[in-house]
Amino acid sequence: MRSNSWQKSKKPAASKGDDTMKKFATIGEVMQRLTPPNHDKLEQATSFNVTYGGSEANIAIAMANFGHDVSMATILPLNPLGISAKRSLQKYGINTAATKMSGDILGSYYLEVGHSVRSSQVVYNRKFAAIALAEESVLDVEEVLEGRTHLHLSGITLALGPGIRAFTMKLAKTAFERGITISFDFNYRAKLWTVEEAKPVLGAILPYVHVVFGSMWDIETFAGIDVGEFNSLEEKRQAVFSKFLSSSNCQVIFGTIRQAHSTHKNSLQAYAYFADDQVDFSRTYEFEIIDRVGGGDAFVSGVMHQLDLSAKNYKESAEFGMASGVLKHTISGDVLLTTEEEIKNMLASPTLGGIAR
C-alpha cells in the first residue's frame, strides 16, 4: 500500500446531521429477480415469482422505510421492464430524478432457493444490461449529489462496466471534496470479476470513504494490508483493521460473523472496529431463514440509519444493523420491509418472536 494514496484528508461535514433524517443517495443496478416457487430447482421451473432488487436498491428502500430522504441513480431501459423496475423504487418514496432511461436490457438474476443440505444457487443475466453498457456521461454528478448528506457505494457497481465504474469514481471524489459522508460495501462478487481485476479498482476508491462494510479478507486483499501471522483469527482481524484505520480516512469498519448450522438455520453477530484498537460486538442471533438474499444490505441499512459519526455510536449502530439483517432473513424477496419501531421492539424483547398486540 502506497502511503501517498492514503493521506488523511477531509472529515465528513455531514456528520452533524447524522442523528436526524439523512439525505441519502446511492447508485447501482436494479435487477429483475426470478425465483422458482416451492424451492424448485431451475431445471424444474415452469413458472417464476418476479420481484426487483439489487444491493443498492435494497438499501435505498430500507432507508426510505426508516424515514430518510432517499434518492437513487441508476440506468434502466425505456421499456416495460425498465419502467416496472423504476416504479419498484418510486412506490417506496425514493427520488429517481437522477435515474436515466437508456439502453435496451434490464439485468436479471435467477435464484434457486436451497433447502436443508442443498445450497441456494444464483444465475446472473446482466452482462449486457443498460447500466453495464452505459457511457460515463449518461449520469450527472450534480443530479446525484444535489442536497445529499450521505452517499453509499458498492463494489458491485464498480464491477459492472467501464462507464459506470468511471462515473462512480468521479462521484466518490466529488462527494469527498464536498464533505459528504461516504459509506462503502466491498460486496465482492466472483461471478462479476476476478480478484486481480477488482483489486486496483477497489483500492482506488478506499481513500474516499468514511464508513466501510467488509471482512478481514476484503481489507487484506483490496487495501493491501499485510500484518503477518497471528495466534488467533480475532487478533489478526484486529491488527488488519487497526492498520487500515490508522492509514486511511475510514473511521469505522462494520461487518458480520456468520455460522451456518444448515441452509435454513444460521447464527450471526456484528462487529464495529474503530480507532485505537477498539471494537464493539452485537448480541448473537440464532434464527431460521426464509430468504437470505438482501440480508447484508439490510445490515448496512440498519447501521447507516442509526450511525452518528460525531457521537461514535458504533455499538448501538452494530446492534440496530444486526437486528435489521436478521429480520430480513425472515422476509421473502430482496428487501427489508420494516420500520424503526419494529427493529427497536425486536431489540427490546428478551425473547424473539411472539405476537404483537
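This is a predicted model: local features need pLDDT of at least 70, side-chain atom pairs count only at pLDDT 80 or more; totals for chains, interfaces and linings use all residues.
Helix axes are lines fitted to C-alpha atoms over the stretch in contact, and angles between them run from 0 to 180 degrees between N-to-C directions.

Helix α1 spans residues 55–65, and helix α10 spans residues 295–306. Their axes lie 9 Å apart. The angle between α1 and α10 is about 40 degrees. Angles under 35 degrees would count as roughly parallel, and 65 to 115 as roughly perpendicular. The two helices are therefore oblique to each other. The crossing of α1 and α10 is right-handed.

Both helices contribute residues to this contact. From α1 come S55, N58, I59, A62 and M63. From α10 come D297, V300, S301, M304 and H305. Sorted by class, the contact of α1 with α10 has 5 nonpolar, 4 polar and 1 charged residues. The spacing within such a list follows a general rule. An α-helix has 3.6 residues a turn, so residues three or four places apart point the same way.

One residue of this contact was examined on its own. S301 sits in helix α10. Its relative accessible area is 0%. Buried means under 20%, so S301 is buried. Neighbours within four places in sequence were set aside. S301 then touches N58, I59, A62, M63 and F66. Among these, N58, I59, A62 and M63 are also α1 residues that meet α10.

Helix α1 itself is largely enclosed by the rest of the structure, because 10 of its 11 residues are buried. The buried residues are S55, E56, A57, N58, I59, A60, I61, A62, M63 and A64. After α1 comes G67. The phi of G67 is positive, near 100 degrees.

Helix α11 covers residues 314–328. The axes of α10 and α11 are 7 Å apart, and the angle is about 150 degrees. Here too the crossing is right-handed. On the α10 side, the contact is made by G295, A298, F299, G302, V303, H305 and Q306. On the α11 side, the residues are E316, S317, A318, F320, G321, M322, S324, G325 and K328. By class, the contact of α10 with α11 has 6 nonpolar, 8 polar and 2 charged residues.

The strands were considered next. An open sheet is formed by 4 strands in the order β3-β2-β7-β8, with mixed pairing. Strands β3 (49–53) and β8 (121–125) stand at the edges. Each has a single partner strand, so one side of each is left without a neighbour in the sheet. From one strand to the next, the twist averages 25 degrees.

Strand β7, residues 108–112, pairs with β8 through 5 bridges. These two strands run antiparallel. E112 is bridged to Q121 in β8, and L111 is bridged to V122 in β8. Strand β2, residues 31–35, pairs with β7 in the parallel sense over 3 bridges. In that pairing, L34 has Y110 of β7 as its bridge partner. Strand β7 is largely enclosed by the rest of the structure, because 4 of its 5 residues are buried. A general point applies to such strands. In a regular strand the side chains alternate between the two faces of the sheet.

Key:
Residues are numbered from 1 along each chain as its sequence is written. Side-chain values use heavy atoms; hydrogens and water are left out. Angles under 35 degrees count as roughly parallel, over 145 as roughly antiparallel, 65 to 115 as roughly perpendicular and the rest as oblique. A crossing is left-handed if the near helix is turned anticlockwise from the far one by less than a right angle, and right-handed if clockwise. Contact means heavy atoms within 4.5 Å. Ala, Val, Leu, Ile, Met, Phe, Trp, Tyr, Cys and Pro count as nonpolar, Asp, Glu, Lys and Arg as charged, and the others, Gly among them, as polar. Two strands pair if DSSP finds at least two bridges between them. Buried means under 20% relative accessible area, exposed over 50%, partly exposed in between (1.4 Å probe, protein chains only).
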